[in-house]
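Here is a short report on one chain. It follows the helices, then the core they share.

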Amino acid sequence: MFLIDEDTTVKGHSDFYGADRYDFTKEDHGWTSPFNPFSTGRHFETLQQAEKAIGDAMETGNLDDFERAMHDMQDFYSHRKKGYEYDPITGKWGHSKDGTKPDRDMNAWNLANEKTIAWINEWEKKWGRPKNPEGCSKKCK
Ligand SMILES: [Zn+2]
C-alpha cells in the first residue's frame, strides 16, 4: 500500500507514472482495502499473480481491473518481495508487525515505477490513454 499521506518525503501510489490519468489508489479503499481481512491478500500478491491480473485486464480493456491490478503489482515491491505474506491460517499477517516501514522505501517505489511505466506503455499502445470520464476515475488528460 505504500503509505505516504503525511510524509511528503516518501512517494505513494498517487505519485507513480501515469497517476494523472489512472487511479492506482482505489484498491486501498472500500471492499478491497488492506484492512478488510477478506481483501488483505490482494495487497500481498506475488509479481506473477499481479501481472497475470494485469494481463487479463489488458485482454478485456477493463480500466478498473487494470488500475487495481497495477496497484497490487506496485504493492509487490514493498510487500511480497520483502517476504511479507498474508495467510492467517499459517500465521502470516502481512507487515503489521513492522508497521508502515516496508511502505516507506524509495528503492521499492522506483522498481514499481519502472514496471508501471512499462505496463502503461503496453496499455496505451493497445487501448490509448483513458479519456472517457466514466472509464477513468480521475480527471483524465
Ligand atoms: Zn495496497
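Which residues of α1 are buried?

## Helix α1

A50, I54 and A57 are the buried residues of α1. The model is predicted, and all of this is read from its coordinates. Viewed down the axis of α1, the buried residues fall within an arc of 60°, so they line one face of the helix. The general rule is that an α-helix has 3.6 residues a turn, so residues three or four places apart point the same way.

The helix covers residues 47–60, which is 14 residues. From first C-alpha to last, α1 reaches 20 Å, close to the 20 Å expected at 1.5 Å a residue. Q48, G55, E59 and T60 sit on the other side of α1 and are exposed. The cover over the buried residues of α1 includes α2 (63–78) and α3 (106–127). Just after α1 comes G61, with a positive phi of about 75°.

## G55, a closer look

In sequence, G55 and W119 are 64 residues apart. In space, the C-alpha atoms of G55 and W119 are 9.3 Å apart.

## Helix α3

α3 has 22 residues, which should span 32 Å at 1.5 Å a residue. The end C-alpha atoms of α3 are 30 Å apart, which agrees. The buried residues of α3 are A108, W109, A112, K115, T116, W119 and W123. They cover an arc of only 130° around the axis, so they lie on the same side of α3.

Which residues does α3 carry on the face turned away from its buried side? That face has the exposed residues M106, N107, N110, E114, A118, N121 and K125. Among what covers the buried residues of α3 are α1 and α2. G128 follows α3, and its phi is positive, near 75°.

## The nonpolar core

The largest nonpolar core has 18 residues. Those that touch the most other members are A50, I54, F66, A69, M70, M73 and A112. α1, α2 and α3 each supply at least two residues of this core. Which helix gives the most to this core? α2 does, with seven residues. In soluble globular proteins, nonpolar side chains tend to be buried together.

Beyond its neighbours within four places in sequence, A69 is in contact with A50, A53, I54 and A57.

## The whole chain

The chain has three helices and two strands. From the N terminus on, the order is α-α-β-β-α. Of its 141 residues, 33% count as buried.

## Confidence

The mean pLDDT of the chain is 87. Of its residues, 87% reach 70 or more. Which element has the highest confidence, and which the lowest? Confidence is highest in α1, at 97, and lowest in strand β2 (residues 92–93), at a mean of 89. Where pLDDT is low, the predicted coordinates should not be read in detail.

How values were computed. Residues numbered from 1 in each chain as written. Predicted model: local features only at pLDDT ≥ 70, side-chain atom pairs only at ≥ 80, totals over all residues. Helix = DSSP H or I, 4+ residues; strand = E, 2+ residues; numbered from the N terminus. Expected span 1.5 Å × (residues − 1). Buried ≥ 20, exposed ≤ 12 C-beta atoms within 10 Å, placed from the backbone. Arc of directions from axis to C-beta. Contact = placed C-beta atoms within 7 Å. Core = buried A, V, L, I, M, F, W, Y, C linked by C-beta atoms within 7 Å. pLDDT = per-residue confidence, 0-100.
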